[in-house]
Amino acid sequence: MEGYKEVRGKLGFGGVLSRILFWGWQVLMVFWFFSYTVSVAPLVENATSEFEKAGAGIGIGIAWTFILFFWLAGTVIFGIFALLTRPSRMLV
């Protein structure tokens, strides 16, 4: 399409807020995931029996699943808001 130029609208307050919430959620969840992983690492290392190691492994796996579920749910919710508040585009 020769001769046309794409013009974008300006991002409003809702768009800026939704992007801040989206990326803030990502940073928060990365921090939560890694801080949890670092804090539970000694549980497996200091386990004295096979039963303790198995229990720690199962508990850590359940907690990781919990964190990843909430990470995904928040990403979908905040991502939808970010997509719905995109600025309009026009060819002129």
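Here are some friendly notes on this predicted model, taken helix by helix and residue by residue.

1. **Helix α2 and its length.** Helix α2 covers residues 50-84.

2. **The buried side of α2.** Which residues of α2 are buried? They are Ala-56, Ile-60, Ala-63, Ile-67, Gly-74, Gly-79 and Ala-82. Helix α1 is part of what covers these buried residues, and α1 itself runs over residues 13-45.

3. **Gln-26, a buried polar residue.** Gln-26 sits in helix α1. Its relative accessible area is 14%, and because the cut-off for buried is under 20%, Gln-26 counts as buried. What does the side chain of Gln-26 pair with? Its partner is the side chain of Thr-75, through a polar contact of 2.9 Å. If neighbours within four places in sequence are set aside, Gln-26 touches Trp-71 and Thr-75. Thr-75 therefore turns up in both the contact list and the polar contact, with the cut-off for a contact being heavy atoms within 4.5 Å.

4. Is Phe-69 buried or exposed? Its relative accessible area is 53%, and the cut-off for exposed is over 50%, so Phe-69 is classed as exposed.

5. **Val-76, in between.** Val-76 also has its place in helix α2. At 44% relative accessibility it falls between the 20% and 50% cut-offs, which means that Val-76 is partly exposed. For a distance to check on your side, Val-76 and Ser-39 are 37 residues apart in sequence, and their C-alpha atoms are 27 Å apart in space.

6. **Glu-45 and Ala-56.** Glu-45 lies in helix α1 and is exposed, with a relative accessible area of 63%. How far apart in space are Glu-45 and Ala-56? The C-alpha to C-alpha distance is 9.7 Å, for a separation of 11 residues in sequence. Ala-56, for its part, is among the buried residues of α2, whereas Glu-45 is exposed.

How values were computed: Residues are numbered from 1 along each chain as its sequence is written. This is a predicted model: local features need pLDDT of at least 70, side-chain atom pairs count only at pLDDT 80 or more; totals for chains, interfaces and linings use all residues. Side-chain values use heavy atoms; hydrogens and water are left out. Helices (H or I, at least four residues) and strands (E, at least two) are DSSP runs, numbered from the N terminus. Buried means under 20% relative accessible area, exposed over 50%, partly exposed in between (1.4 Å probe, protein chains only). A polar contact is a pair of N or O atoms within 3.5 Å; within protein, one must be able to donate a hydrogen and the other to accept it, and residues adjacent in sequence count only if both atoms are side-chain atoms.
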